[in-house]
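Student: Could you walk me through this model with me asking and you answering? I would like each answer to finish on the thing I asked for.

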Amino acid sequence: MTQNKKLFIKTYGCQMNVYDSERMAEALGSEGYVETKTPDDADMILLNTCHIREKAAEKIYSELGRYKGFKAQNPDLKIGVAGCVAQAEGAEIMRRQPMVDLVVGPQSYHRLPALEAKVRAGEKALDTDFPEEDKFEHLKARPKAKRAPSAFLTVQEGCDKFCAFCVVPYTRGAEVSRPADRVLTEARDLVARGVREITLLGQNVNAYHGAGSGGSWTLAKLIWALNDVEGLERIRFTTSHPNDMTDELIEAHGNCPKLMPYLHLPVQSGSDKILKRMNRSHTTESYLDVVARLRAARPDILLSGDFIVGFPEETEEDFQATLDLIKAVEYGQAYSFKYSTRPGTPAAERPQLQEEVKSERLQRLQALLSEQQKNIQLSMVGREVKVLLEKPGRLEGQMVGKSQYLHAVHVTGSGGNIGDIVRARVLNSEKNSLGGACVE
Ligand code: 5AD
Ligand code: SF4
């Protein structure tokens with residue numbers, strides 16, 4: 001094994017990919033790779049791709065084109081494509097970009113060392129199977145490496161919901177939950193390496209049903225078990241489906257001390273007609289009911305959402321219903337998108353709205369969401385928050401961290417260290433962050 005080959009990973013998309021990239025770096029670490037921040041001197045370039053945005057595959061093909069020159073300069077350079085575009089395109093990637101050596105889908109990362117050996121031997125390697133085994137079991141983290149105070153931990157992957165716009169059920173496959181004891185072991189390991197906050201990840205995280213003692217565990221049960229992990233201070237989870245917000249999970253938001261008062265709960269549309277066409281299997285009423293019950297359990301919970309405008313057949317009236325729902329909920333944070341077709345999904349086959357209509361609606365929607373975010377941030381001014389310090393700020397003596405509501409907070413006078421949780425009074429609100437001073 002040659003030591004210290006350089007690995008450059010470019011990560012696209014969601015937190016799940018950020019987590020997977022870390023695991024891939026660790027798996028290849030045991031093959032003698034160290035990560036490098038630029039592709040210039042890399043021995044392997046890995047693109048960890050995301051398929052959720054429009055023309056994702058085309059963008060990856062053009063990105064690959066940029067690396068042609070690198071390969072000419074360094075014939076030993078290996079180029080790989082991982083993630084959801086790899087899963088969706090498979091061998092087509094090597095056909096269109098013959099310089100690609102490796103194509104690996106999200107379910108096969110634990111086989112990376114063997115795949116790497118194959119490409120080193122000058123062969124092409126393709127692995128986009130959906131195996132039964134738990135890939136994370138094989139992707140053992142290097143034991144003692146220190147970690148940043150906030151970490152992601154994947155507990156569930158894939159989705160069985162088949163929203164009409166979404167590629168996830170096709171690229172990440174059916175919903176699979178990791179066994180509870182493995183999640184708890186990984187959490188304890190993270191804490192031993194300096195982690196204080198864990199965000200449980202899954203495309204449909206609140207559908208979690210991992211095997212555990214006494215039968216299948218719910219997400220709420222897992223959260224309560226994590227609450228007992230000494231040294232762990234904060235628990236979060238994302239992304240949730242409204243239909244899987246059970247009473248037990250809502251109750252945990254009220255009573256579980258380490259579960260943070262923040263929830264990302266995508267609704268996509270405020271029109272029941274559109275929700276039906278989207279195959280969302282919830283209504284605006286059931287969504288608002290979940291929100292009301294969450295707020296009854298935890299009045300200060302900050303809600304975040306995802307919205308799609310311009311879905312096929314969305315009228316101005318349907319769009320207004322989405323604005324009404326946003327006004328009723330009041331989001332502290334949100335992501336919004338124009339609907340765009342994903343090949344192979346049902347909605348892609350339907351007649352599409354005009355681009356100008358989508359753009360104009362997105363503008364109005366984002367204006368409302370920005371206004372709400374601003375008002376909620378302003379309402380924080382004067383309040384005391386608890387900030388988990390993550391890194392030094394730009395100014396002398398300043399540190400940056402996250403409040404319990406996931407606001408980025410720049411704090412002065414902390415005298416604290418990375419990983420500390422300090423009390424701070426919020427003094428001002430910027431576009432996407434708060435400023436504050438530590439309270440003695
Ligand atoms: N068009 C626009 N937005 C989409 N999303 C998923 N698929 C599409 C699509 N085809 C958005 C949804 C989802 C978020 C991760 O991305 O809002 O919740
Ligand atoms: Fe995609 Fe989420 Fe719908 Fe599953 S629930 S199909 S991941 S949008």
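Student: Which residues does Met-94 touch, not counting residues up to four places away in sequence?
Tutor: Happy to start there, with one caution: this is a predicted model, in which local features need pLDDT of at least 70, side-chain atom pairs count only at pLDDT 80 or more, and totals for chains, interfaces and linings use all residues. Residues are numbered from 1 along each chain as its sequence is written, chains are lettered from A and ligands numbered from 1 in the order written, and side-chain values use heavy atoms, without hydrogens and water. Met-94 sits in helix H5 (residues 92-96), where helices are DSSP runs of H or I with at least four residues and strands are E runs of at least two, numbered from the N terminus. With contact meaning heavy atoms within 4.5 Å, Met-94 touches Val-100, Asp-101, Leu-102, Val-103, Lys-124, Ala-125 and Leu-126.

Student: Is Met-94 buried or exposed, and what is its relative accessible area?
Tutor: Buried means under 20% relative accessible area, exposed over 50%, and partly exposed in between, with a 1.4 Å probe and protein chains only. Met-94 therefore counts as buried, as its relative accessible area is 15%.

Student: Where does the side chain of Gln-97 find a backbone oxygen, and in which residue?
Tutor: Gln-97 lies in the loop between H5 and strand S5 (102-104), and its relative accessible area of 7% makes it buried. Its contacts beyond four places in sequence are Tyr-61, Leu-64, Gly-65 and Lys-68. A polar atom of the Gln-97 side chain lies 3.1 Å from the backbone oxygen of Tyr-61.

Student: Which side chains does a polar contact join to Asn-48?
Tutor: Asn-48 belongs to strand S3 (residues 44-49) and is buried, with a relative accessible area of 0%. A polar contact is a pair of N or O atoms within 3.5 Å; within protein, one must be able to donate a hydrogen and the other to accept it, and residues adjacent in sequence count only if both atoms are side-chain atoms. For the side chain of Asn-48, one such contact spans 2.9 Å, to Ser-21, and another spans 3.5 Å, to Tyr-109.

Student: Which residues surround ligand 1?
Tutor: A residue belongs to the surroundings if one of its heavy atoms lies within 4 Å of the molecule. Strand S15 (302-309) and strand S16 (333-338) each supply at least two residues of this shell. The surrounding residues are Ile-52, Arg-53, Phe-165, Gln-268, Asp-306, Ile-308, Phe-337, Lys-338, Tyr-339, Ser-340 and Arg-342.

Student: How many nonpolar, polar and charged residues are in the shell around ligand 2?
Tutor: Among the residues surrounding ligand 2 are Cys-159, Cys-163, Cys-166, His-241 and Arg-280. Ala, Val, Leu, Ile, Met, Phe, Trp, Tyr, Cys and Pro count as nonpolar, Asp, Glu, Lys and Arg as charged, and the others, Gly among them, as polar. By class, the shell has seven nonpolar, one polar and two charged residues.

Student: Which residues does the cis peptide bond with omega of about 5 degrees join?
Tutor: Most residues other than glycine have a negative phi, and most peptide bonds are trans. Glu-313 has a positive phi of about 75 degrees and is partly exposed at 41% relative accessibility; Leu-406 also has a positive phi of about 75 degrees. The cis bond, with omega of about 5 degrees, joins Thr-238 and Thr-239.

Student: What radius of gyration does the protein chain have?
Tutor: The globule rule is 2.2 Å times the number of residues to the power 0.38, and the radius is taken over C-alpha atoms. For 440 residues a compact globule would come near 22 Å, and the protein chain agrees, with 22 Å.
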